[in-house]
Amino acid sequence: MTTAQHRPEPSAWRRVRTAWGLPDLAGKGRFVAANLIDSLGNGLVMAFTVVFFVKTTSLSLAAVGAALTIGQLLVLPVPLLIGRLLDTYGPRIVVAAGNWISVAGFIGFLFSHAAWQIVLWQFVVQLGSTAFWMGNSPLTVLVASGVERARWFGFVRALRNVGVGVGGAASAVALSIGTVAGLRAVMVVNAVTFAIAGWLVITVRGADTYEAAGAGSAEPKPAGPEQAAGATTGPPSGGYRTVLTDTRYLRLVATNISFVFASTVLSVLLAVYAVDYLGVGAWIVGAVVVLNAAMVALLQTLASRWIESRRPVTVLVLALVFNAAAFAVFGTLLVLPGWAVIAGLLIAVVLYTVAEILGSPPTSELSVVMAPEHLRGRYLGVYQLSWSVGGAVAPALLTALLAGGAALPWVFLAAISVLAVPLVLGLDRRPGATREAAPAGDVAPAEQFDGDPIG
């Protein structure tokens, strides 16, 4: 009784942490700081790069845009290479290297004057960014050490949204200065912060694959692919052939494509649809985008507290249903009277944001824990292709559909969300032949699912 009553400040912090759905951050400051720096830098660069090159080179806006696009397209096949590096060197080294590769790209930006130079250094920056985000999910699992994984993925997601928002605001301030020297100074600062982020990651303790596997797993590090549920039998070395024959993991990848297309709605479709087809003011579009960002930043960790006690499949199905409902509402706005359009737009964005909040943690988590540990990098390489290819195809496809009819993109998005539901069902069922004997209490109930190599 006395012990229960005598809980000083740690107890108060624990109550706050539990209430907000935050993971245990003790000893994880470097990992958190590295994620925040990367998010701030990405927010800065996304709103800053085009104007930087327009101001610091003699190239036209169209030429700058084309060069940046080509540089990004060249990165599309890179995840398969990074996947092999993840399997060889582990996520900590790959994430740190990704930060430092981005540093080289930002320095290259400073000395770029021709279109081919912009293509080259944009490729380098995107290569670093891809390495960072491919390695960050398995690194998050290792940092979590088999507990609170849903909270950690939700926290990283919320941190990214806050960082991108603050970085975008800082970029707006930098652009208001307008001088070439000021723009170059911002790019230098960005390079320095990414270098620091790489150092923070490389010095994170207890996040090496072999250490985590030994500490958090009920079994020693396996030698064969049978470690992960759903992995097909094959040669001990494995490879991309093993990934491409793992139909359960490919179902997850296919499901994620529907979320990738959904993630482009705010940046690709919303403004032109709302202004040109619904006749609402551009300021309303800005307001609903801010609403989306604020909801994710404030509610993501709270949602993760709820998600961690549910089956990942249940949460993913809910996310897909919310997405389908949001897209149905977006399409219905075409037939609503003017006074109801704004209310309907708000409802659609709220539904869309709830789907985003629910869908992100379980897809990120499943992409890691459904993969056999010794081939996890290659599995993530295939998973990352759903982001790379989907992100490249979505703008062209969705705008083409919009040109063919204002309702067509919403019908398409709602349809792929509904069709993804049967792909999700059964993903977390553990085949009897690969059942692991995890010690009770090591992980939360929602984490004891198929293919978990950590818990």
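The model is predicted, so local features are described where pLDDT is at least 70 and side-chain atom pairs count only at pLDDT 80 or more, while totals for chains, interfaces and linings use all residues. Residues are numbered from 1 along each chain as its sequence is written, and side-chain values use heavy atoms, with hydrogens and water left out.

The overall picture comes first. The protein contains 18 helices and 0 strands; helices (H or I, at least four residues) and strands (E, at least two) are DSSP runs, numbered from the N terminus. Of its 455 residues, 52% count as buried. Here, buried means under 20% relative accessible area, exposed means over 50%, and partly exposed is in between, with a 1.4 Å probe and protein chains only. The protein exposes about 19,200 Å², and carbon and sulfur atoms supply 70% of that area; accessible areas come from the Shrake-Rupley method with a 1.4 Å probe, and for residues only the protein chains shown count as cover. Among contacts (heavy atoms within 4.5 Å) with a separation of 6 or more, 82% are accounted for by residues 24 or more positions apart.

Charged pairs come next. Side chains of opposite charge can pair when their charged atoms come close. The structure holds 2 salt bridges, a salt bridge being a side-chain nitrogen of Lys or Arg within 4 Å of a carboxyl oxygen of Asp or Glu. One of them joins Asp87 to Arg378, with the closest N and O atoms 2.7 Å apart. Asp87 lies in helix α5 (residues 78-89) and Arg378 in helix α17, so this pair ties together parts that are 291 residues apart in sequence. Arg378 is buried, with a relative accessible area of 13%. Another salt bridge links Glu308 and Arg151, whose closest N and O atoms are 2.8 Å apart. Because Glu308 sits in the loop between α14 (282-307) and α15 (312-332) and Arg151 in helix α8 (residues 149-177), this pair ties together parts that are 157 residues apart in sequence. Both Glu308 and Arg151 are buried.

Asp246 is found in the loop between α11 (240-244) and α12 (247-263). The side chain of Asp246 does make a polar contact with the side chain of Tyr379, at 2.9 Å. A polar contact is a pair of N or O atoms within 3.5 Å; within protein, one must be able to donate a hydrogen and the other to accept it, and residues adjacent in sequence count only if both atoms are side-chain atoms.

Asp38, in helix α3, counts as buried at 2% relative accessibility. Asp38 and Asn99 are 61 residues apart in sequence but 7.9 Å apart in space, C-alpha to C-alpha, and their side chains make a polar contact of 3.4 Å. Leaving aside neighbours within four places in sequence, Asp38 is in contact with Asn99, Phe132, Trp133, Arg160 and Phe194. Glu356 belongs to helix α16 (residues 338-369) and is buried, with a relative accessible area of 19%. With neighbours within four places again set aside, Glu356 touches Arg157, Asn292, Val296 and Gln300. Arg149, in helix α8, is buried with a relative accessible area of 0%.

Finally, the surface. Trp100, Val188, Val192, Ile196 and Trp199 form a nonpolar patch there, with about 460 Å² of accessible area together. Patches are made of residues with over 30% relative accessible area and no salt bridge, where like charges are joined within 9 Å and nonpolar side chains (Val, Leu, Ile, Met, Phe, Trp, Tyr) within 5 Å. Helix α9 (residues 180-202) gives the largest share of this patch, 4 residues. Val188 lies in helix α9 and counts as partly exposed, at 38% relative accessibility.
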